[in-house]
Amino acid sequence: EFRTRFFEPLLAALQKCARPGRNGHEVEHMESEVQRIGLTNFGYMYAREAFRELGFQSRLHNEAAPQWVAHARLLARKHTEEWRIPGTENIVAVVSYELHYRGQVLRQEPKVVTNGWAEGVHNEVKAMLRAVDARGWSCESYSQRVALLELLEAARSQFGDGCVPELSGWLRIYDSHHTSVTGLAIFCQFRRQAPQVDIE
């Protein structure tokens, strides 16, 4: 029942949202579906399945973690210092990327991104990734969103405001807790904006 009532309809809305497009109808539809279905988290196993169904690279639960994941996990643990019950204030993302645009390259070595307000990011960039939550909570400060907003701001700063649809390359992002529906929605909106960037 979980699959037919929650997983499949929400996944379908996320898939539509992830398709490249200029209008915001699919994003609005995805947001309304998230609120209608009322699910905030797929859980560990279903989140991995959703990632793969959405075209993102995600290892299966029985596959060994690649070296970059082990390094990112170490950075996250060093930052959080001690284990605590996962919450907004202590879930971090570790992000690295290599972006290409018309012969130019922008690289980011692995860095820890915490929850916050994406200081220095222009409002038009913040509007590119809408924070969506079934409860109507504000998720604007989630670490995944902050990491991707900072990436978009850096790319636009280096390559120009119109670069995003033409970006290619790769993005690696590690979450210290399995990704929520809000996080998945943010990744789908990023894919919509920059469809040629591989997300792992």
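**Stop 1: α6 and α7**

Start with two helices: the axes of α6 and α7 (residues 181-193) come within 9 Å of each other and cross at roughly 15°. Angles under 35 degrees count as roughly parallel, so α6 is roughly parallel to α7. The crossing of α6 past α7 is left-handed. Keep in mind that this is a predicted model.

Now show the side chains where they meet. On α6, select Gln 144, Arg 145, Leu 148, Leu 151 and Leu 152. On α7, select Gly 183, Ile 186, Phe 187 and Phe 190. Which classes of residue make up the contact of α6 with α7? Six are nonpolar, two are polar and one is charged.

**Stop 2: α7 and α2**

Select Glu 26, Val 27, Met 30 and Val 34 in α2. They meet Val 181, Ala 185, Gln 189 and Arg 192 in α7. This contact of α2 with α7 divides into five nonpolar, one polar and two charged residues.

**Stop 3: the sheet**

Hide the helices and look at the strands. Four of them form an open sheet, in the order β2-β1-β3-β4. The pairing is mixed. Which strands stand at the edges? They are β2 (104-113) and β4 (196-199). Each has a single partner strand, so one side of each is left without a neighbour in the sheet. From one strand to the next, the twist averages 10°.

Walk across the sheet pair by pair:

- β2 and β1 run antiparallel, joined by eight bridges. Select Ala 93 and its bridge partner in β2, Val 113.
- β1 and β3 also pair in the antiparallel sense, over eight bridges. Select Tyr 97 and its bridge partner in β3, Leu 171.
- β3 (residues 168-175) and β4 pair in the parallel sense, over four bridges. Select Trp 170, which stands opposite Asp 198 in β4.

α4 (residues 67-80) lies across β1 (93-101), β2 and β3. It runs at about 45° to β3. α6 packs on the sheet too, touching β1, β2 and β3. The direction of α6 makes about 155° with that of β2.

**Stop 4: inside β1**

Zoom in on β1. Is this strand enclosed or open? Eight of its nine residues are buried, so β1 is largely enclosed by the rest of the structure.

Pick Ser 96, which is found in β1. Its relative accessibility is 9%, so it counts as buried; the cut-off for buried is under 20%. Now show what surrounds Ser 96. Beyond its neighbours within four places in sequence, it is in contact with Gln 108, Glu 109, Pro 110, Trp 170, Leu 171 and Arg 172.

**Stop 5**

Most residues other than glycine have a negative phi.

Follow β1 into β2. The two strands form a hairpin with two residues between them. Select Arg 102 in the turn: its phi is positive, at about 50°. Arg 102 is exposed, with a relative accessible area of 61%.

Now move to Ala 118, in the loop between β2 and α5. Its phi is near 50°, a positive value in a residue other than glycine. Is Ala 118 buried or exposed? At 4% relative accessibility, Ala 118 counts as buried.

**Stop 5: Ser 141**

Finish in the loop between α5 (123-126) and α6 (143-159), where Ser 141 sits. Ser 141 has 13% relative accessibility, so it counts as buried. Which residues does it contact, leaving aside its neighbours within four places in sequence? They are Asn 115, Gly 116, Trp 117 and Val 146.

Conventions:
Residues numbered from 1 in each chain as written. Predicted model: local features only at pLDDT ≥ 70, side-chain atom pairs only at ≥ 80, totals over all residues. Heavy atoms only, no water. Buried < 20%, exposed > 50% of the residue type's maximum accessible area, 1.4 Å probe, protein only. Contact = heavy atoms within 4.5 Å. Axes fitted to C-alpha atoms, helices over the stretch in contact; angles between N-to-C directions. Parallel < 35°, antiparallel > 145°, perpendicular 65-115°, else oblique. Left-handed = near helix turned anticlockwise from the far one by under 90°. Nonpolar A, V, L, I, M, F, W, Y, C, P; charged D, E, K, R; others polar. Pairing = 2+ DSSP bridges.
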